There are 2 protein chains.
Amino acid sequence: MSLTYRDAGVNVARAEDALSRVKDRIARTRRPEVIGDVGQFGGLFASPGADKILVATTDGVGTKLELARLLDRHEVVGADVVHHCVNDALAMGAEPLFFLDYFATSQIDPGVFSRVVGAMADACARSGTALLGGETAEMPGMYAPDTYDLAGFLVGVVDREKILGPQRVREGDALVGIPSTGLHTNGYSLAREICARRAMHERSASLLDVLLASREELGGGTLGASLLAVHRSYLEEFRALRGAAEIHSIAHLTGGGWEGNLPRALPAGMAVRIERESWEVPALFTLLAKLGDLEEVEQFDTWNMGIGLVVAIAAESLDAALAAVPGGVALGEVVPHSAGRRVVFG
Amino acid sequence: MSLTYRDAGVNVARAEDALSRVKDRIARTRRPEVIGDVGQFGGLFASPGADKILVATTDGVGTKLELARLLDRHEVVGADVVHHCVNDALAMGAEPLFFLDYFATSQIDPGVFSRVVGAMADACARSGTALLGGETAEMPGMYAPDTYDLAGFLVGVVDREKILGPQRVREGDALVGIPSTGLHTNGYSLAREICARRAMHERSASLLDVLLASREELGGGTLGASLLAVHRSYLEEFRALRGAAEIHSIAHLTGGGWEGNLPRALPAGMAVRIERESWEVPALFTLLAKLGDLEEVEQFDTWNMGIGLVVAIAAESLDAALAAVPGGVALGEVVPHSAGRRVVFG
């Protein structure tokens, strides 16, 4: 009998079926700059003008994917990957323009695919971002059954004179923190390891038991639900802050936590002093830290600890900034850096 | 003992070490439009003017990754992913501007990473494309040991009045084919399945034996070497053709082969008639087809069969086009479509 591509595990028709299920939701992300239809070799988007700067970001979701699969919450990671990219772009001062995704799996499950990409399209629509294209890769044997990987690419735009960054930051700048919704999309390997060890520790408990147990510390909620909160988009808060305060730079607290990200928003020779009491670390983090017997420095070097975005602003803008962003926290200030760590907790 | 992120399998320092090994090669891809340094939350690139159109593409390498790993040829896939994106962009008429990559694995091997991303940077430099950013994801347990996935994202630019596409194509347009270097980056699951079945068939032969056997049909070469030829970039040929002929549309023959891609370059109601004798199908394809006992339609629906790019041009440009692109082939012409397949071999 002769062999076919389908025999080898690749079914082009199945991929097309999967895509057709989310066509309408993708169409709703269309912006006036988009030219032509989906299905071309490249997506077309009218350029914003030579006085503008394009900002390009790429992000994944990490092993939060494993939890989403285990708990059947595929929509979460679809929204996550868009919001992660949007937040990285706004950290440079940019508004999002368009997004492309990469979805890779061993064998496409059209149901799962449409839940992921549908949620991705909805997140794009909410943030005014055109979902301009994507690649759906069916790679037999590359991924374990039912698993998939996901990456996003986003291009945004900022006026040249409005690019945010370390070069704007001055000693004495105030730091405004905006709460996170949980781990966002970073530090899940550590969180999962903690849960897995807990399961081993408690005789006859499975990872699922640990994730689904009602926890007093979480107000009766579960670790699973808390860990699968959507990585929030800070686009509205960014716009409100931009209108109210003089923003200098923004750190999006992702992989590497505080010490891994705050220095990216600081010039050489500067550090930050953070008032550790200015916000309450959410119960999810303290519970995970307790279960894993984690040292505090390890927690802050891995997780956002309840603050997803840190915005450095002119000190005189602080009151206006806090008024513009409900939930915003006065975290501390920019100080000279002498030696050692650049995030100092006081 | 308290747990750390490193215990959970994620080593941020290892990722940074891996990146530092290719920093210089990435720096050589810099273009005048690039603003600031690597390591920001987003890459900055001065926008082309408002009269220009951005073209965005995203691609992976598929299970060619498995062969590259098996035969220790990681440089190949790094160049592949760039060239795949460049070719998709030029199919819209665009020149490349910048590229970002996504590299995902369970545990980063700095040696492998630097070979892949180094080759990627070199391919970017050769095509004048800035390597503007990337995401390196370490996801313990997500990937089998030593495996990784790779995706690329490219933004190019084209003048609004020079966008190529189906809308330009007319009945009687000539089709110029440009040779491929092999399977490029598509149809590897089928090729691998053929080799795997062959290994099962030949007693005591492994997949590696099949890949490394000298083949008379390949002039003494091996399937492994032929399958790991780099997906060629058609950028130079595109530029030469653009200068010599009136290009209407371009089909990049990737996943789905001829019938899966040529219609993307055709308006409704049009088809192509291809002279099957106008080029010789390379030995790699005929050998694989023989080993797998593949029907011809299956071959053409999966692989490029020796032609990687098909360019539809004004018929009167044909001689000039063939003179401009050494190795170019007069494949056939655009004809009205009645029913059924849109690629008809005559």
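This is a predicted model: local features need pLDDT of at least 70, side-chain atom pairs count only at pLDDT 80 or more; totals for chains, interfaces and linings use all residues.

Residues are numbered from 1 along each chain as its sequence is written, chains are lettered from A and ligands numbered from 1 in the order in which they are written, and side-chain values use heavy atoms, with hydrogens and water left out.

Chain B places 77 residues in contact with 76 residues of chain A (heavy atoms within 4.5 Å). About 6200 Å² is buried between them, 65% of it from carbon and sulfur atoms; buried area is the accessible area (1.4 Å probe) lost by two parts on being put together, summed over both. Leu3(B), Tyr5(B) and Phe41(B) supply 15% of what chain B buries against chain A, more than any other three residues.

The side of chain B that touches chain A divides by class as follows.

| Class | Residues of chain B |
|---|---|
| nonpolar | 39 residues |
| polar | 21 residues |

Chain B can be laid on chain A with an RMSD of 0.0 Å by a turn of 180° and a shift of 0.0 Å along the axis (least squares on C-alpha atoms of residues with pLDDT of at least 70 in both). That is the relation of a two-fold axis. In chain B, the C-alpha of Gly49(B) is nearest the axis, at 2.3 Å. Both copies use the same surface, as 99% of the contact residues of chain B recur in chain A.

Key. Ala, Val, Leu, Ile, Met, Phe, Trp, Tyr, Cys and Pro count as nonpolar, Asp, Glu, Lys and Arg as charged, and the others, Gly among them, as polar.
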